[in-house]
Amino acid sequence: MFIGLRLLAAAVCLAAILVVALSGRGRWSALQLAALAILWLPLNKPMEGLVLLRVTEDQGLTQADLLAPVALLLAAWRWWRSPRASGANKAATTPLVSQKARSELVTDE
């Protein structure tokens, strides 16, 4: 069971790396990354690494604990930086005639 948990944790970590490296910078990749960061929290035990800050004798902040907050911050940044309007909405808000062409049309009449 411990080996299976270790493989699952490694797969989640690898998936997060692939989402960051290969997916676009849109909202879909932000959602994927956020989901993987949340999934990482209960799975990181087999890969914790060094204890950076000891809170109690049995509890502390480890290297693996830092992956989820960093991934969530990156997901939030990607969500915020992604385009807010889809292609259909952009077409509706983009003027069909430029201001210069509109002024030429008005002066020709």
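Start by selecting α2 (27-43): with four residues, α2 gives the largest share of the lining of the largest cavity. You are looking at a predicted model, where local features need pLDDT of at least 70, side-chain atom pairs count only at pLDDT 80 or more, and totals for chains, interfaces and linings use all residues. Residues are numbered from 1 along each chain as its sequence is written, and side-chain values use heavy atoms, leaving out hydrogens and water. Helices here are DSSP runs of H or I with at least four residues, numbered from the N terminus.

Next, select Val12, Cys13, Ala16, Leu33, Leu36, Ala37, Trp40, Leu67 and Ala71, which line that cavity. Its volume is about 30 Å³. A cavity is a set of points on a 1 Å grid over the protein atoms alone where a 1.4 Å probe fits but cannot get out, and lining residues have an atom within 4 Å of a point. Helices α1 (2-22), α2 and α3 each supply at least two lining residues.

Now move to α3, residues 67-81. Which of its residues are buried (under 20% relative accessible area, 1.4 Å probe, protein chains only)? Pick Ala68, Ala71, Ala75 and Arg78. They sit on the same side of α3 because they cover an arc of only 90 degrees around the axis, taken from the directions to the C-beta atoms. Turn to the face away from that buried side to find Val70, Leu73, Trp80 and Arg81, which are exposed (over 50%).

Last stop: select arginine 27 and tryptophan 79. The charged end of arginine 27 sits over the ring of tryptophan 79, 4.3 Å from its centre; the cut-offs are CZ of Arg within 6 Å of the ring centre and within 35 degrees of the ring normal.

Terms used:
The expected span of a helix is 1.5 Å times one less than its number of residues. On a 1 Å grid over the protein atoms alone, a cavity is a set of points where a 1.4 Å probe fits but cannot get out, and a pocket is an open set with protein on both sides within 12 Å along at least five of seven lines; lining residues have an atom within 4 Å of a point. Grid points are joined across faces, edges and corners, and a volume is the space filled by probe spheres set on the points.
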